[in-house]
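I opened the model today and kept notes as I went. The entries follow in the order I looked things up.

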Amino acid sequence: KKGQTMNYRILLAATLGALALGACSKDQPAAAALNCNDPAMATAVQQQLQQAITQSARQFAQTDSRQFIDADKIIAAASQLSVNLADAKEDSSGSKAMCSAQLSITVAADTWQQAQANTPILYPQQQLAAILQGQITGSNVQINGSTFSQPLRYLPAAPAASGSGTLEIEAPGGAPLSHILTNALLPSGVKYKHIINGKTYSR
């Protein structure tokens, strides 16, 4: 009888333990999978890049003693950038689970051609491709023609009230890419007419 009582107590303790674990699992549900393929994320990245390029373009135009650059032209070119997040998936390799994807930005064909043609005006005796290749050294940015790419880790958040998604980007985020993109777009903002020593010259 002692053995039966002992077995009963063990069984009762095991049952109560299982019920307690079940209650804990209900109180602490597993984290939901991240929605890494949300199309709003590409829009959010594009908005962040446009804001960074806009700020840099205006700053360059204000400090350029030659007044060669029209910041509005660069801002307009930034609004035409094509943004894509490829192979988006959940990534748990860091300190917390985030999404990882390959971010690629393509400059519009006419903007790219204009930037290449205007580079010697802004930077005498230099070519755009050579300038950009020097700037990507030491970064994870790659250039293929008019397409710029880099890996990106980000954490999507719920869509804002405006309907556009928001996200948290892991450092260094898009900062290196936005800097290089700004320099790529700067020559496309060269004005058609310049005032040099009080005289107006057409490009």
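**Serine 139**

I began with serine 139, which is partly exposed at a relative accessible area of 29%. My scale calls a residue buried under 20% relative accessible area, exposed over 50%, and partly exposed in between, with a 1.4 Å probe and protein chains only. I found serine 139 in the loop between helix H5 (128–135) and strand S3 (142–144). I then checked proline 176, 37 residues from serine 139 along the chain, and their C-alpha atoms are separated by 7.3 Å.

**Ground rules**

I am working on a predicted model, where local features need pLDDT of at least 70, side-chain atom pairs count only at pLDDT 80 or more, and totals for chains, interfaces and linings use all residues. Residues are numbered from 1 along each chain as its sequence is written, and side-chain values use heavy atoms, with hydrogens and water left out.

**Whole chain**

I took helices (H or I, at least four residues) and strands (E, at least two) as DSSP runs, numbered from the N terminus. The protein chain has six helices and seven strands. Along the sequence I read α-α-α-β-β-α-α-β-β-β-α-β-β. Of the 203 residues in the protein chain, 35% are buried. I also looked at contacts, meaning heavy atoms within 4.5 Å. Among those between residues at least 6 apart in sequence, 67% join residues at least 24 apart.

**Disulfide**

Cysteine 36 and cysteine 99 form it, with sulfur atoms 2.1 Å apart. I noted -80° about the S-S bond, a left-handed link. Cysteine 36 sits in the loop between helix H1 (2–27) and H2, and cysteine 99 in strand S2 (residues 98–106), so the pair, 63 residues apart, links distant parts of the chain. Cysteine 36 counts as buried at 6% relative accessibility. Cysteine 99 is buried too, at 0%.

**H2 against H6**

I fitted axes as lines to C-alpha atoms, for helices over the stretch in contact, with angles from 0 to 180 degrees between N-to-C directions. The axes of H2 (residues 40–63) and H6 (residues 175–185) come within 9 Å and cross at roughly 55°. That makes H2 oblique to H6. Angles under 35 degrees are roughly parallel, over 145 roughly antiparallel, 65 to 115 roughly perpendicular, and the rest oblique. From H2, the contact uses Leu49, Ala52, Ile53, Ser56 and Ala57; from H6, Ser178, Leu181, Thr182 and Leu185.

Definitions and conventions:
Disulfide = S-S within 2.5 Å.
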